[in-house]
Amino acid sequence: MEILLKHPSKRLVSIDALRGFDMLMICGADAFFRSFEGKTSFAWVDVLARQFEHPEWIGFTFYDFIFPLFLFVAGVSIPFSLGKSLAENVSKREIYRKALLRTLLLIGLGMLDKNAPFPFFDWEQIRLGSVLGRIGIAGFVTVFLFLNFPARQRLGIVGLVLIAYYAAVFLIPVPGFGAGNLSFEGNLAGWIDRTFLPGRLLQGSFDELGILTTFPAICLTVLGAHAGEILRNAQLSERKKVMQMILFGMFCIGLALVWNLHFPIFKRMWTSSFILLNAGMAFIALAGFYWLIDMLHFRKWSFFFVVVGMNSLTIYMIYRFVNFRYTSRLLFEGLYRPAGEDWFPVFESLGALLLVWLFLYFLYRKRIFFKV
């Protein structure tokens, strides 16, 4: 882990802003929006609040886009970091070494995050799957593919992986359920995790961050790297970069909606249609952020998100171990108590979000950025 004491000036602001927007949804904004459900007489407010909850199984909400977007943005940064290393004549072996160390560190931090308090004396209760671990694995695979395959072949590999995953789910029979079963109990991904993944599974007999779902998830980071290549291509005008990302996004969404007719879009199994839908949304979101921030130079509004995006790993880990809601209640309850007890969760969440941002702003002002 590195502690950087200066702002990386050559980095596109839109990338940090989009990462910050995404991380804010994980570390406070989600709870704030959810807390509005049932608080007003407006139906649209309740609909918005429910968009920040994951469906129990099959289904899709905006909140299902948040982690996939982080995987995508992790890929966007890879062409920039590898381009710099290659320009400095860093050997592939050294790049692989650093990528592997980063992966192992993220896996370790992910295990700490998902298992705290860590069951040192009960290893069967350790959950191996984690958000950070998946980011680390996806990043390492994407680095390998980026260094050894041109863009078209990488896109072809993405297509093959998504088709292979689709074929496996519908052709490989699960004992007692047969092939093509998409139920919680009978799906192939869950059976593989129960059979081959040691330790505790998230939902007892299934873990959405398990073995088989990792393969389609990696595709999001590979596609993110393709977006990064578009942004880094000096031969393309800014307008063409935006148009290419929008076209890629529309193509992915269209293909996802067609595929959804047989392989439903839902996060728990990271279905191929789910991957393409999120990739399409991510391409368009990145195009929008790039167009506003780096092309039109409307940057003031993005500062709020950039502060978070510059220290995304920091807040992800600290949010797990520091109870910002409790601190918010201690500091601010006297201010919002007249609003009534029903509104306490709303103001408590808003206060926690404010504290999270102020903490990151303090690090930003001190030019302290934690990086893996």
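Start by selecting R367, which sits in the loop between α15 and β2 (369-371); helices (H or I, at least four residues) and strands (E, at least two) are DSSP runs, numbered from the N terminus. This is a predicted model, where local features need pLDDT of at least 70, side-chain atom pairs count only at pLDDT 80 or more, and totals for chains, interfaces and linings use all residues. Residues are numbered from 1 along each chain as its sequence is written, and side-chain values use heavy atoms, with hydrogens and water left out.

R367 is not a glycine, yet it has a positive phi of about 60°. With a relative accessible area of 34%, R367 is partly exposed (buried means under 20%, exposed over 50%, partly exposed in between, with a 1.4 Å probe and protein chains only).

Next, select W270, in the loop between α10 (238-259) and α11 (272-295). W270 also is not a glycine and has a positive phi, about 45°. Is W270 buried or exposed? At 0% relative accessibility, W270 counts as buried.

Now go to P117, in the loop between α5 (92-115) and α6 (131-148). The peptide bond from A116 to P117 is cis, with omega near -5°. Most residues other than glycine have a negative phi, and most peptide bonds are trans.

Finally, show helix α14 (residues 324-336) and helix α15 (residues 344-365): their axes come within 8 Å and cross at roughly 120°. Axes are lines fitted to C-alpha atoms, for helices over the stretch in contact, and angles run from 0 to 180 degrees between N-to-C directions. Therefore α14 and α15 are oblique to each other (under 35 degrees is roughly parallel, over 145 roughly antiparallel, 65 to 115 roughly perpendicular, and the rest oblique).
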